[in-house]
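The report below describes selected features of a predicted model. It should be read alongside the sequence and the coordinates.

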There are 2 protein chains.
Amino acid sequence: MSVDVAGLTGRLLDGDRRALARVLSWLEDGAEPLVRDVVARLHRASGHAHLVGMTGSPGVGKSTLSSQLVTEWRARGRQVAVLAVDPSSPFSGGALLGDRVRMQEHALDPGVYVRSMASRGHLGGLAWATPQALLALDAAGFDVVLLETVGVGQAEVEVASVADTTVVTVAPGMGDAVQAAKAGILEIADLFCVNKADRDGADRTVRELSDMQRLLPGLPEIPIHRTVAAKGEGIVELADAIGEHRDALHEDGRLTERRRSRARMQVRELALGVVRERFAAAAGGTLFDELIDRVERREVDPYTAADRLVEALEG
Amino acid sequence: MSVDVAGLTGRLLDGDRRALARVLSWLEDGAEPLVRDVVARLHRASGHAHLVGMTGSPGVGKSTLSSQLVTEWRARGRQVAVLAVDPSSPFSGGALLGDRVRMQEHALDPGVYVRSMASRGHLGGLAWATPQALLALDAAGFDVVLLETVGVGQAEVEVASVADTTVVTVAPGMGDAVQAAKAGILEIADLFCVNKADRDGADRTVRELSDMQRLLPGLPEIPIHRTVAAKGEGIVELADAIGEHRDALHEDGRLTERRRSRARMQVRELALGVVRERFAAAAGGTLFDELIDRVERREVDPYTAADRLVEALEG
């Protein structure tokens, strides 16, 4: 089967959703030359979307909140894409499917595009194809791309590393505030959203999030919003806050700075990926194994072995 | 202040605990030439300890369990080191301190050495100095080195990647079993320990852990142990199981295989670290920035930029 990359990416750029779906599947499959070709063709058209990350523990109501935000953005005339990444084992397929069902109220709206991705073996982190998928959705012309993920450790950090604005959602009475603090969430949240804010304990959760921040006075204050997503309460204000965060980033130059640091990270990771392959191939694929044998026999220490590997690469 | 690396590592190898403490501080500080020198000197003496990883959510009773295991190992004549890594924010200093207090029953026993390390900015993962610290404790002659960490996402995976035997501890009624499944724990646990097994729901937790495994039939069965650490119940059996796991690994060659794969990973990571620095320094430190500028201006895509970076390294 031959693959018409130029044709399909061209149609993607023209707004063809079926072409987008196909390209996203390629990116998810991750066959190297194809991914490179796609990225090279789409990169030029990217950089316009507002990339919004949404994370939080299971049960805080992320999906309902996302769906309500999509409704609000649509009412404001925005084209919206939702990328849902499930950073967990084969086990959670069911939960993710359940979440997606709730997005079905937008199924007939051509201004909304919803896509799920599994993380497949990338334990505790986002799917490795996430940055490329965001690039494709951005290039496809969406005004807002919402990246939604269950907050487990590494995935939360990664959401923040690829999003312009990161919303961390918690719910009352789940001990989330404390857990959030433990995961270093203050360093990655741009906005807190206390969902299910009509429940007992909402005030306490807000207070905990606020108190936590006072313990780390060096960081900028993170606004705390209250929503009851199931009733549509607080959504307008949250959407406003997300927009204002982007505007503020844009005005004070932090948007450029964040995107620049994201580009640095991406280019470095890609380059390191190339180097990793060269290491494996060094001296016809035998050098690495020989070095490891010698490390195992304690004839050479790991640092010295690493130096030899780099020397081989430099020829 | 001049630093006598040869003298201090020599005393460490002779069993001097103060020398060990000093060396661990160097490793934690991470000053590069010093770390290299220490590792080069200690590597040869390492490889004898049984590295046991213990992970689990806050509140499952990990510290009490660890302390009881230490007691049991001591009764069996083993020299034991405990390395407690807290993979969370500045916030959890208190909790960690509380944990350590419980280890104080071993404070006067010269056959037990306890050390805590913070993870400092390495979000959701272990402290980066963990492998080096394990190496030092191993070289210092301990028979068992217990690496204890709070299970949050990435840290759990990393524990498994540095340990010979990984014990995942859960407690009844915390929804841990389901959470554990979500974090892909089946792929990293060698043993499950259901602690607080005298509580309601213990049977259910055991059943959940067992059912989970049936859903992924490809993997080897993970034994499930019950303990009541606070009363010392089930500790002998757990210590037996940990020892048996190591023996089985040793006999069927998996110990060598695991340690080899660990060495591969470590050497590769160190080599990539060297390469990362070379990237930053490429063309007098300007090439990387120039490439990122061009990526930002959409003149070049990230893959092409990565290739240019690798080409510069290869001269």
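## Helix 2 of chain B and its setting

Gly30(B), which lies just after helix 2 of chain B, adopts a positive phi of about 80°. At the start of helix 2 of chain B, the backbone nitrogen of Arg18(B) has a side-chain oxygen of Asp16(B) within 2.8 Å.

Several residues of helix 2 of chain B are buried, namely Ala19(B), Leu20(B), Val23(B), Leu24(B), Trp26(B), Leu27(B) and Glu28(B). The cover over these buried residues includes helix 1 (5–13), helix 3 (32–42), strand 3 (112–118) and helix 6 (130–139) of chain B.

| Property of chain A | Value |
|---|---|
| Secondary structure | 13 helices and seven strands |
| Buried residues | 53% of the 315 residues |
| Accessible surface | about 13,400 Å², 50% of it from carbon and sulfur atoms |

Among contacts in chain A between residues at least 6 apart in sequence, 75% join residues that are at least 24 apart.

Turning to the cysteines, Cys193(A) counts as buried because its relative accessibility is 0%, under the cut-off of 20%. Cys193(B) likewise has 0% relative accessibility and therefore counts as buried. A disulfide is a covalent bond between the sulfur atoms of two cysteines, and the count of disulfides over all chains is zero.

How values were computed
Residues numbered from 1 in each chain as written. Chains lettered and ligands numbered in written order. Predicted model: local features only at pLDDT ≥ 70, side-chain atom pairs only at ≥ 80, totals over all residues. Heavy atoms only, no water. Helix = DSSP H or I, 4+ residues; strand = E, 2+ residues; numbered from the N terminus. Buried < 20%, exposed > 50% of the residue type's maximum accessible area, 1.4 Å probe, protein only. Contact = heavy atoms within 4.5 Å. Areas by Shrake-Rupley, 256 points an atom, 1.4 Å probe, with all protein chains shown as cover. Polar contact = N/O pair within 3.5 Å; in protein donor to acceptor, adjacent residues only side chain to side chain. Disulfide = S-S within 2.5 Å.
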